[in-house]
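Welcome to this short briefing. Please have a look at the structure below, and then we can walk through one residue and its surroundings before stepping back to the whole chain.

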Amino acid sequence: MARLLAAACLIHLVTAQQIGKIPEIHPKLQTWKCSTLTGCVPHDTSIVIDALSHPLHEVGNSSVSCGNWDTGLNPTLCATEESCAENCVLEGTDYASHGVQTRGDSLVMHQYLTVNGTTSVVTPRVYLLDESGKNYDMLRMLNQEISFDVDVSSLVCGMNGALYLAEMEESGGRGALNPAGAQYGTGYCDAQCSVDPWINGVANVDGAGACCNEMDLWEANALSTALTPHACNISGVYSCEGDSCGSDGVCDKSGCGFNPYALGDHDYYGYKEVVDTSKRFTVVTQFVTDDQTASGSLTEIRRLYVQNNKVIQNAVVNVTGTEVDSLTNEYCESASYFEEMGGLKQIGKALGRGMVLIFAIWNDSGAYMNWLDSEGSGPCNSTEGNPALIEAEHPGTSVTFANIRWGDIGSTYSHGQ
(Lines give C-alpha, C1' and ligand atoms only; values in the text may rest on other atoms or scores of the structure.)
Protein backbone atom coordinates (compact mmCIF):
# COMPACT_ATOMS: atom_id res chain seq x y z
CA MET A 1 0.00 0.00 0.00
CA ALA A 2 2.83 2.42 0.88
CA ARG A 3 4.46 1.78 -2.51
CA LEU A 4 1.13 2.39 -4.27
CA LEU A 5 0.67 5.68 -2.43
CA ALA A 6 4.21 6.73 -3.30
CA ALA A 7 3.61 5.90 -6.96
CA ALA A 8 0.36 7.87 -6.94
CA CYS A 9 2.16 10.88 -5.48
CA LEU A 10 4.88 10.60 -8.14
CA ILE A 11 2.28 10.56 -10.90
CA HIS A 12 0.69 13.66 -9.37
CA LEU A 13 4.03 15.45 -9.31
CA VAL A 14 4.75 14.57 -12.93
CA THR A 15 1.40 15.82 -14.18
CA ALA A 16 1.52 18.90 -11.97
CA GLN A 17 4.69 19.98 -13.80
CA GLN A 18 2.52 20.75 -16.84
CA ILE A 19 1.16 23.88 -15.13
CA GLY A 20 3.76 26.59 -14.74
CA LYS A 21 4.50 29.21 -12.09
CA ILE A 22 2.81 32.19 -13.74
CA PRO A 23 -0.70 32.33 -12.24
CA GLU A 24 -3.79 32.24 -14.41
CA ILE A 25 -6.29 34.91 -13.32
CA HIS A 26 -9.62 34.67 -15.10
CA PRO A 27 -11.37 37.97 -15.88
CA LYS A 28 -14.84 38.01 -14.34
CA LEU A 29 -17.83 38.36 -16.66
CA GLN A 30 -21.26 38.75 -15.09
CA THR A 31 -23.98 36.76 -16.85
CA TRP A 32 -27.57 35.88 -15.95
CA LYS A 33 -29.80 32.82 -15.89
CA CYS A 34 -33.45 33.65 -16.47
CA SER A 35 -36.88 32.09 -16.05
CA THR A 36 -40.42 33.28 -16.60
CA LEU A 37 -41.18 32.62 -12.91
CA THR A 38 -38.22 34.20 -11.10
CA GLY A 39 -36.78 36.60 -13.65
CA CYS A 40 -33.02 36.86 -14.21
CA VAL A 41 -30.58 35.80 -11.49
CA PRO A 42 -26.89 36.89 -11.57
CA HIS A 43 -24.49 34.13 -12.62
CA ASP A 44 -20.91 34.68 -11.41
CA THR A 45 -18.97 33.45 -14.42
CA SER A 46 -15.56 34.25 -15.87
CA ILE A 47 -13.69 33.78 -19.13
CA VAL A 48 -10.57 31.91 -20.17
CA ILE A 49 -8.56 32.53 -23.31
CA ASP A 50 -7.63 29.63 -25.59
CA ALA A 51 -4.64 27.56 -24.49
CA LEU A 52 -2.66 28.60 -27.55
CA SER A 53 -2.72 32.19 -26.30
CA HIS A 54 -0.92 31.03 -23.16
CA PRO A 55 2.88 30.61 -23.02
CA LEU A 56 3.64 26.95 -23.82
CA HIS A 57 7.31 26.29 -23.29
CA GLU A 58 9.94 23.72 -22.44
CA VAL A 59 10.25 22.75 -18.79
CA GLY A 60 12.95 24.96 -17.26
CA ASN A 61 13.42 27.04 -20.43
CA SER A 62 10.78 29.66 -21.14
CA SER A 63 12.53 30.79 -24.33
CA VAL A 64 11.80 27.50 -26.16
CA SER A 65 8.21 27.17 -27.33
CA CYS A 66 6.40 23.85 -27.49
CA GLY A 67 4.37 25.13 -30.42
CA ASN A 68 1.72 27.63 -31.49
CA TRP A 69 -0.85 28.35 -34.21
CA ASP A 70 1.81 29.51 -36.68
CA THR A 71 4.52 26.87 -36.20
CA GLY A 72 2.54 23.84 -35.01
CA LEU A 73 4.12 21.45 -32.52
CA ASN A 74 7.80 21.57 -31.64
CA PRO A 75 8.92 18.22 -33.15
CA THR A 76 11.79 17.81 -30.71
CA LEU A 77 9.81 18.33 -27.52
CA CYS A 78 6.57 16.83 -28.80
CA ALA A 79 7.51 13.72 -30.77
CA THR A 80 4.78 11.83 -28.90
CA GLU A 81 1.80 12.77 -26.75
CA GLU A 82 3.63 11.53 -23.66
CA SER A 83 6.91 13.31 -24.34
CA CYS A 84 5.07 16.56 -25.01
CA ALA A 85 3.25 16.31 -21.68
CA GLU A 86 6.55 15.59 -19.94
CA ASN A 87 8.57 18.30 -21.68
CA CYS A 88 6.13 21.20 -21.78
CA VAL A 89 4.71 23.75 -19.34
CA LEU A 90 1.51 25.78 -19.73
CA GLU A 91 1.64 29.18 -18.02
CA GLY A 92 -0.93 31.78 -17.07
CA THR A 93 -1.24 34.84 -19.28
CA ASP A 94 -2.06 38.55 -19.26
CA TYR A 95 -5.44 39.04 -20.93
CA ALA A 96 -4.96 42.72 -21.74
CA SER A 97 -1.91 41.80 -23.84
CA HIS A 98 -4.25 39.69 -25.98
CA GLY A 99 -6.78 42.46 -26.54
CA VAL A 100 -9.30 41.18 -23.98
CA GLN A 101 -10.95 43.34 -21.33
CA THR A 102 -13.96 42.76 -19.09
CA ARG A 103 -15.90 45.10 -16.86
CA GLY A 104 -19.01 43.93 -15.06
CA ASP A 105 -21.17 42.27 -17.72
CA SER A 106 -19.16 43.62 -20.66
CA LEU A 107 -16.43 41.94 -22.75
CA VAL A 108 -14.36 43.96 -25.23
CA MET A 109 -12.18 42.17 -27.80
CA HIS A 110 -9.65 43.82 -30.11
CA GLN A 111 -8.16 42.44 -33.30
CA TYR A 112 -5.00 44.57 -33.04
CA LEU A 113 -2.95 46.09 -30.24
CA THR A 114 -0.65 49.08 -30.68
CA VAL A 115 2.09 49.43 -28.08
CA ASN A 116 4.86 52.04 -28.36
CA GLY A 117 3.96 52.64 -31.97
CA THR A 118 4.08 48.98 -32.97
CA THR A 119 0.86 47.21 -33.98
CA SER A 120 0.47 43.46 -33.48
CA VAL A 121 -2.27 40.99 -34.39
CA VAL A 122 -3.88 39.35 -31.34
CA THR A 123 -7.13 37.69 -32.59
CA PRO A 124 -8.36 36.45 -29.20
CA ARG A 125 -10.79 33.57 -28.66
CA VAL A 126 -12.22 33.06 -25.18
CA TYR A 127 -14.61 30.63 -23.48
CA LEU A 128 -17.15 31.00 -20.68
CA LEU A 129 -16.25 29.25 -17.42
CA ASP A 130 -18.77 28.18 -14.79
CA GLU A 131 -19.00 29.72 -11.32
CA SER A 132 -16.26 27.41 -9.98
CA GLY A 133 -13.80 28.66 -12.58
CA LYS A 134 -12.60 25.08 -13.11
CA ASN A 135 -14.86 23.91 -15.95
CA TYR A 136 -16.70 25.35 -18.90
CA ASP A 137 -20.26 26.50 -18.32
CA MET A 138 -22.39 24.03 -20.25
CA LEU A 139 -25.37 25.80 -21.80
CA ARG A 140 -28.36 23.53 -22.45
CA MET A 141 -30.55 25.49 -24.80
CA LEU A 142 -33.41 23.28 -25.98
CA ASN A 143 -36.70 25.16 -25.54
CA GLN A 144 -34.59 28.09 -24.30
CA GLU A 145 -33.25 31.39 -25.61
CA ILE A 146 -30.04 33.35 -25.29
CA SER A 147 -29.71 37.11 -25.60
CA PHE A 148 -26.79 39.52 -25.56
CA ASP A 149 -26.03 43.13 -26.36
CA VAL A 150 -23.44 43.81 -29.02
CA ASP A 151 -21.57 46.80 -30.43
CA VAL A 152 -20.24 46.11 -33.92
CA SER A 153 -19.94 49.75 -34.99
CA SER A 154 -16.16 49.56 -35.54
CA LEU A 155 -16.17 46.14 -37.21
CA VAL A 156 -15.48 47.02 -40.83
CA CYS A 157 -15.71 44.86 -43.96
CA GLY A 158 -13.67 41.68 -43.54
CA MET A 159 -13.97 41.58 -39.75
CA ASN A 160 -15.95 38.99 -37.80
CA GLY A 161 -17.02 39.44 -34.19
CA ALA A 162 -18.40 36.00 -33.34
CA LEU A 163 -20.36 34.47 -30.49
CA TYR A 164 -21.12 30.78 -30.85
CA LEU A 165 -21.64 27.42 -29.15
CA ALA A 166 -19.51 24.31 -29.63
CA GLU A 167 -19.89 20.84 -28.12
CA MET A 168 -16.59 20.88 -26.24
CA GLU A 169 -16.00 18.77 -23.14
CA GLU A 170 -16.98 20.41 -19.86
CA SER A 171 -13.49 19.81 -18.41
CA GLY A 172 -11.64 20.85 -21.57
CA GLY A 173 -10.31 17.30 -21.85
CA ARG A 174 -8.64 17.37 -18.44
CA GLY A 175 -6.72 14.14 -17.79
CA ALA A 176 -3.34 12.55 -17.14
CA LEU A 177 -1.74 14.24 -20.18
CA ASN A 178 -3.74 17.46 -19.72
CA PRO A 179 -3.98 18.42 -16.04
CA ALA A 180 -4.70 22.06 -16.93
CA GLY A 181 -8.01 21.52 -18.72
CA ALA A 182 -10.68 24.20 -19.03
CA GLN A 183 -8.93 26.45 -16.50
CA TYR A 184 -6.28 27.10 -19.16
CA GLY A 185 -8.54 27.06 -22.23
CA THR A 186 -7.93 23.58 -23.64
CA GLY A 187 -10.33 21.44 -25.66
CA TYR A 188 -11.41 23.58 -28.61
CA CYS A 189 -13.34 21.97 -31.45
CA ASP A 190 -15.76 23.10 -34.16
CA ALA A 191 -17.58 21.86 -37.25
CA GLN A 192 -14.70 22.98 -39.48
CA CYS A 193 -12.62 20.26 -37.76
CA SER A 194 -9.98 22.77 -36.72
CA VAL A 195 -6.42 21.41 -36.93
CA ASP A 196 -4.56 22.83 -33.91
CA PRO A 197 -1.35 21.67 -32.21
CA TRP A 198 -3.38 20.19 -29.34
CA ILE A 199 -6.68 18.30 -29.20
CA ASN A 200 -8.28 18.30 -25.76
CA GLY A 201 -4.96 19.50 -24.39
CA VAL A 202 -3.01 16.52 -25.75
CA ALA A 203 -0.32 16.93 -28.43
CA ASN A 204 -1.86 16.50 -31.89
CA VAL A 205 1.06 14.49 -33.28
CA ASP A 206 -1.09 13.06 -36.10
CA GLY A 207 -2.25 16.44 -37.41
CA ALA A 208 -5.89 15.50 -36.88
CA GLY A 209 -8.87 17.83 -36.84
CA ALA A 210 -10.99 18.42 -33.76
CA CYS A 211 -14.64 18.11 -34.82
CA CYS A 212 -17.85 18.85 -32.95
CA ASN A 213 -21.33 20.26 -33.41
CA GLU A 214 -21.31 24.06 -33.74
CA MET A 215 -24.08 26.63 -33.40
CA ASP A 216 -23.03 30.03 -34.76
CA LEU A 217 -25.32 32.40 -32.89
CA TRP A 218 -23.60 35.45 -34.26
CA GLU A 219 -21.04 36.02 -37.01
CA ALA A 220 -21.09 39.66 -37.96
CA ASN A 221 -19.53 43.01 -38.64
CA ALA A 222 -21.31 46.33 -39.13
CA LEU A 223 -22.31 45.46 -42.70
CA SER A 224 -23.55 41.87 -42.59
CA THR A 225 -24.57 39.10 -40.20
CA ALA A 226 -25.24 35.36 -40.32
CA LEU A 227 -26.98 32.85 -38.04
CA THR A 228 -25.78 29.33 -38.85
CA PRO A 229 -26.04 25.86 -37.27
CA HIS A 230 -23.42 23.28 -38.34
CA ALA A 231 -24.34 19.65 -37.65
CA CYS A 232 -21.95 16.73 -37.13
CA ASN A 233 -23.04 13.09 -37.05
CA ILE A 234 -21.17 12.62 -33.76
CA SER A 235 -21.46 13.74 -30.15
CA GLY A 236 -18.71 15.48 -28.22
CA VAL A 237 -15.20 15.94 -29.58
CA TYR A 238 -14.08 13.70 -32.46
CA SER A 239 -10.54 13.56 -33.86
CA CYS A 240 -10.87 13.29 -37.62
CA GLU A 241 -8.16 12.15 -39.99
CA GLY A 242 -8.01 11.82 -43.77
CA ASP A 243 -11.34 11.64 -45.55
CA SER A 244 -13.33 12.07 -42.33
CA CYS A 245 -12.04 15.68 -42.19
CA GLY A 246 -12.99 16.52 -45.75
CA SER A 247 -16.10 18.05 -47.27
CA ASP A 248 -17.79 14.66 -47.01
CA GLY A 249 -16.59 14.03 -43.46
CA VAL A 250 -18.32 13.87 -40.11
CA CYS A 251 -19.39 17.55 -40.06
CA ASP A 252 -21.33 19.93 -42.24
CA LYS A 253 -18.92 22.80 -42.81
CA SER A 254 -21.25 25.14 -44.73
CA GLY A 255 -24.28 24.91 -42.45
CA CYS A 256 -27.84 26.13 -42.89
CA GLY A 257 -27.45 29.89 -42.65
CA PHE A 258 -29.69 32.92 -42.44
CA ASN A 259 -28.04 36.10 -43.73
CA PRO A 260 -30.66 38.80 -44.49
CA TYR A 261 -28.53 40.50 -47.16
CA ALA A 262 -27.69 37.24 -48.93
CA LEU A 263 -31.39 36.34 -48.89
CA GLY A 264 -32.38 39.56 -50.62
CA ASP A 265 -33.09 42.13 -47.88
CA HIS A 266 -30.39 44.75 -48.40
CA ASP A 267 -31.96 47.39 -46.15
CA TYR A 268 -32.46 45.42 -42.93
CA TYR A 269 -29.03 45.31 -41.24
CA GLY A 270 -26.25 47.91 -41.35
CA TYR A 271 -25.41 51.52 -40.58
CA LYS A 272 -28.72 53.44 -40.20
CA GLU A 273 -30.75 50.43 -41.40
CA VAL A 274 -33.67 48.74 -39.58
CA VAL A 275 -31.14 47.19 -37.22
CA ASP A 276 -28.81 50.17 -36.91
CA THR A 277 -25.25 48.89 -36.44
CA SER A 278 -23.90 52.34 -35.61
CA LYS A 279 -25.45 51.79 -32.16
CA ARG A 280 -25.58 49.00 -29.59
CA PHE A 281 -28.47 46.52 -29.85
CA THR A 282 -29.70 43.25 -28.35
CA VAL A 283 -29.65 39.94 -30.23
CA VAL A 284 -32.08 37.18 -29.19
CA THR A 285 -31.93 33.57 -30.45
CA GLN A 286 -34.67 31.09 -29.55
CA PHE A 287 -34.52 27.30 -29.89
CA VAL A 288 -38.06 25.95 -30.33
CA THR A 289 -38.89 22.27 -29.89
CA ASP A 290 -41.79 20.26 -31.28
CA ASP A 291 -43.43 19.84 -27.86
CA GLN A 292 -42.24 23.07 -26.19
CA THR A 293 -40.11 21.14 -23.68
CA ALA A 294 -36.38 20.64 -23.14
CA SER A 295 -36.76 16.96 -24.08
CA GLY A 296 -38.35 17.60 -27.47
CA SER A 297 -36.80 17.77 -30.94
CA LEU A 298 -35.48 21.08 -32.24
CA THR A 299 -37.75 22.27 -35.06
CA GLU A 300 -37.05 26.00 -35.35
CA ILE A 301 -34.38 28.60 -34.57
CA ARG A 302 -35.84 32.10 -34.28
CA ARG A 303 -34.07 35.47 -34.26
CA LEU A 304 -35.18 38.91 -33.13
CA TYR A 305 -33.52 42.15 -32.06
CA VAL A 306 -34.19 44.89 -29.52
CA GLN A 307 -32.96 48.43 -30.10
CA ASN A 308 -34.05 51.74 -28.59
CA ASN A 309 -36.53 49.83 -26.41
CA LYS A 310 -38.25 48.45 -29.52
CA VAL A 311 -38.48 44.77 -30.51
CA ILE A 312 -37.47 44.25 -34.13
CA GLN A 313 -38.68 41.05 -35.71
CA ASN A 314 -36.29 39.15 -37.97
CA ALA A 315 -36.09 40.01 -41.65
CA VAL A 316 -38.77 38.32 -43.74
CA VAL A 317 -37.30 37.00 -46.99
CA ASN A 318 -38.71 35.15 -49.95
CA VAL A 319 -37.22 31.71 -50.52
CA THR A 320 -38.58 29.89 -53.59
CA GLY A 321 -41.93 31.63 -53.28
CA THR A 322 -42.29 31.23 -49.51
CA GLU A 323 -41.85 33.99 -46.93
CA VAL A 324 -39.30 32.92 -44.32
CA ASP A 325 -38.01 34.57 -41.12
CA SER A 326 -36.48 31.64 -39.19
CA LEU A 327 -34.55 28.41 -39.60
CA THR A 328 -36.87 25.40 -39.90
CA ASN A 329 -36.61 21.87 -41.26
CA GLU A 330 -38.28 23.06 -44.46
CA TYR A 331 -35.92 26.00 -44.87
CA CYS A 332 -32.84 23.80 -44.33
CA GLU A 333 -33.87 21.16 -46.89
CA SER A 334 -31.76 22.93 -49.52
CA ALA A 335 -28.66 22.58 -47.30
CA SER A 336 -28.30 18.94 -48.30
CA TYR A 337 -25.16 18.08 -46.34
CA PHE A 338 -26.51 19.77 -43.21
CA GLU A 339 -29.53 17.50 -43.53
CA GLU A 340 -27.34 14.45 -44.17
CA MET A 341 -25.48 15.15 -40.91
CA GLY A 342 -28.78 15.17 -39.01
CA GLY A 343 -29.97 18.75 -39.52
CA LEU A 344 -31.79 20.65 -36.80
CA LYS A 345 -32.53 17.44 -34.92
CA GLN A 346 -28.81 16.73 -34.52
CA ILE A 347 -28.07 20.31 -33.47
CA GLY A 348 -30.90 19.99 -30.97
CA LYS A 349 -29.33 16.89 -29.43
CA ALA A 350 -26.07 18.79 -28.95
CA LEU A 351 -27.93 21.73 -27.42
CA GLY A 352 -29.63 19.30 -25.05
CA ARG A 353 -26.34 17.69 -23.98
CA GLY A 354 -24.72 21.07 -23.37
CA MET A 355 -22.43 23.34 -25.37
CA VAL A 356 -19.72 25.87 -24.50
CA LEU A 357 -20.15 29.59 -25.21
CA ILE A 358 -17.28 31.04 -27.25
CA PHE A 359 -16.36 34.64 -28.09
CA ALA A 360 -13.98 35.53 -30.92
CA ILE A 361 -12.80 38.29 -33.20
CA TRP A 362 -10.91 37.57 -36.41
CA ASN A 363 -10.32 38.34 -40.06
CA ASP A 364 -9.33 36.15 -42.97
CA SER A 365 -6.12 36.47 -44.97
CA GLY A 366 -7.24 33.77 -47.42
CA ALA A 367 -10.81 34.66 -48.44
CA TYR A 368 -11.10 38.17 -46.91
CA MET A 369 -14.38 37.11 -45.19
CA ASN A 370 -16.18 37.41 -48.55
CA TRP A 371 -18.54 34.58 -47.57
CA LEU A 372 -19.96 36.87 -44.85
CA ASP A 373 -20.08 40.36 -46.34
CA SER A 374 -19.23 40.35 -50.07
CA GLU A 375 -20.03 38.65 -53.38
CA GLY A 376 -23.77 38.62 -52.74
CA SER A 377 -23.52 38.07 -48.98
CA GLY A 378 -23.11 41.75 -48.14
CA PRO A 379 -22.36 45.22 -49.54
CA CYS A 380 -18.55 45.04 -49.24
CA ASN A 381 -16.31 44.67 -52.27
CA SER A 382 -14.14 41.61 -52.69
CA THR A 383 -10.88 43.21 -51.48
CA GLU A 384 -12.00 45.41 -48.56
CA GLY A 385 -11.53 42.50 -46.19
CA ASN A 386 -7.78 42.24 -46.79
CA PRO A 387 -6.31 42.09 -43.24
CA ALA A 388 -3.35 44.27 -44.29
CA LEU A 389 -5.81 46.97 -45.37
CA ILE A 390 -7.81 46.65 -42.15
CA GLU A 391 -4.69 46.89 -40.00
CA ALA A 392 -3.49 49.98 -41.86
CA GLU A 393 -6.81 51.83 -41.92
CA HIS A 394 -8.76 50.48 -38.93
CA PRO A 395 -6.32 49.22 -36.25
CA GLY A 396 -8.85 50.05 -33.51
CA THR A 397 -11.50 47.65 -34.81
CA SER A 398 -13.16 45.79 -31.94
CA VAL A 399 -16.36 44.14 -30.74
CA THR A 400 -18.16 44.46 -27.41
CA PHE A 401 -20.48 41.77 -26.02
CA ALA A 402 -22.51 42.50 -22.89
CA ASN A 403 -25.62 41.63 -20.85
CA ILE A 404 -25.48 37.89 -21.69
CA ARG A 405 -28.59 36.06 -20.51
CA TRP A 406 -30.09 32.65 -21.14
CA GLY A 407 -33.22 30.86 -19.99
CA ASP A 408 -36.91 30.37 -20.77
CA ILE A 409 -38.16 31.69 -24.08
CA GLY A 410 -39.30 35.27 -23.60
CA SER A 411 -37.51 35.77 -20.29
CA THR A 412 -34.14 37.25 -21.27
CA TYR A 413 -34.96 40.54 -22.99
CA SER A 414 -37.08 43.65 -22.61
CA HIS A 415 -40.20 43.37 -24.72
CA GLY A 416 -40.22 47.15 -25.10
CA GLN A 417 -42.87 48.90 -27.13
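Let us begin with Arg302, which sits in strand β25, spanning residues 298-307. Do keep in mind that this is a predicted model.

**Arg302 and its surroundings**
- With a relative accessible area of 34%, Arg302 counts as partly exposed, because that value lies between the 20% and 50% cut-offs.
- The side chain of Arg302 forms a polar contact of 3.2 Å with the side chain of Glu300.
- Leaving aside residues up to four places away in sequence, Arg302 touches Val284, Thr285, Gln286, Val288 and Ser326.
- Phe281 lies 21 residues from Arg302 along the chain, and their C-alpha atoms are 17 Å apart.

**Fold and dimensions**
- The protein contains six helices and 31 strands.
- Its radius of gyration is 21 Å, close to the 22 Å from the globule rule for 417 residues, so the protein is as compact as a globular protein of that length.
- Along the principal axes, the C-alpha atoms fill a box of roughly 70 × 55 × 45 Å.
- Among contacts with a separation of 6 or more, 70% join residues 24 or more positions apart.

- Of the 417 residues, 56% count as buried.
- The accessible surface comes to about 17500 Å², and carbon and sulfur atoms account for 50% of that area.

Definitions and conventions: Residues are numbered from 1 along each chain as its sequence is written. This is a predicted model: local features need pLDDT of at least 70, side-chain atom pairs count only at pLDDT 80 or more; totals for chains, interfaces and linings use all residues. Side-chain values use heavy atoms; hydrogens and water are left out. Helices (H or I, at least four residues) and strands (E, at least two) are DSSP runs, numbered from the N terminus. The radius of gyration is taken over C-alpha atoms; the globule rule is 2.2 Å times the number of residues to the power 0.38. Buried means under 20% relative accessible area, exposed over 50%, partly exposed in between (1.4 Å probe, protein chains only). Contact means heavy atoms within 4.5 Å. Accessible areas come from the Shrake-Rupley method with a 1.4 Å probe; for residues, only the protein chains shown count as cover. A polar contact is a pair of N or O atoms within 3.5 Å; within protein, one must be able to donate a hydrogen and the other to accept it, and residues adjacent in sequence count only if both atoms are side-chain atoms.
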